[in-house]
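Please look at the sequence and the 3D structure below before reading on. The report that follows is meant to be read with both in view.

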Amino acid sequence: EPLNCVGIAIDYEKMYIANWKFFPTGGSGSEIDIRYNNIKRVGKIRTTVYESGNLYGRGKWIGRTSSRIYNTLIEINYDHETKYFELKSQFNPDQFRIKGKCK
């Protein structure tokens, strides 16, 4: 099931309202599409779905521009019970992260 989420994007210490979609692409693959402040970020993530519905994943940004600007590795955590979703840069979480709730 795709997740439609809303929350906060923190981009180099500036906060923005963000919307994102997280959806399966087949097998253990997923993709995330994040939009905030007229910016679009897309990442491909290999995910593990646990029996509880929780998700954990690691992946990378798509595109040369995103790779140059941000560290390429990202990590997600999703708690099915609380619907809380968090994504952060693997090496420098202060550069970029999102936090919020999903439907």
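What follows describes the overall fold, then the pairing of some strands, and then the nonpolar core.

This is a predicted model, and its chain has one helix and eight strands, which from the N terminus on run in the order β-β-β-β-β-α-β-β-β. A compact globule of 103 residues would have a radius of gyration near 13 Å, and because the chain has 13 Å, the two agree. The C-alpha atoms fill a box of roughly 35 × 25 × 20 Å along the principal axes, and 38% of the 103 residues count as buried.

| Strand pair | Direction | Bridges |
|---|---|---|
| Strand 4 (residues 39–49) and strand 5 (residues 55–61) | antiparallel | seven bridges |
| Strand 5 and strand 6 (residues 73–79) | antiparallel | six bridges |

Strand 4 and strand 5 form a hairpin with five residues between them, and in its turn Gly 53 has a positive phi of about 95°. Within strand 5, Gly 57 is the bridge partner of Thr 47, while Gly 57 also stands opposite Ile 76 in strand 6.

Which residues touch the most other members of the largest nonpolar core? Of its 20 residues, they are Trp 20, Ile 32, Ile 34, Phe 85, Leu 87 and Ile 98. Strands 1, 2, 3, 5, 6, 7 and 8 each supply at least two residues of this core. If residues up to four places away in sequence are not counted, Ile 98 touches Ile 8, Ala 9, Trp 20, Ile 32, Ile 34, Phe 85, Glu 86 and Leu 87.

Definitions and conventions:
Residues are numbered from 1 along each chain as its sequence is written. This is a predicted model: local features need pLDDT of at least 70, side-chain atom pairs count only at pLDDT 80 or more; totals for chains, interfaces and linings use all residues. Side-chain values use heavy atoms; hydrogens and water are left out. Two strands pair if DSSP finds at least two bridges between them. Helices (H or I, at least four residues) and strands (E, at least two) are DSSP runs, numbered from the N terminus. A nonpolar core is a set of buried Ala, Val, Leu, Ile, Met, Phe, Trp, Tyr and Cys residues joined through side-chain atoms within 4.5 Å. Buried means under 20% relative accessible area, exposed over 50%, partly exposed in between (1.4 Å probe, protein chains only). Contact means heavy atoms within 4.5 Å. The radius of gyration is taken over C-alpha atoms; the globule rule is 2.2 Å times the number of residues to the power 0.38.
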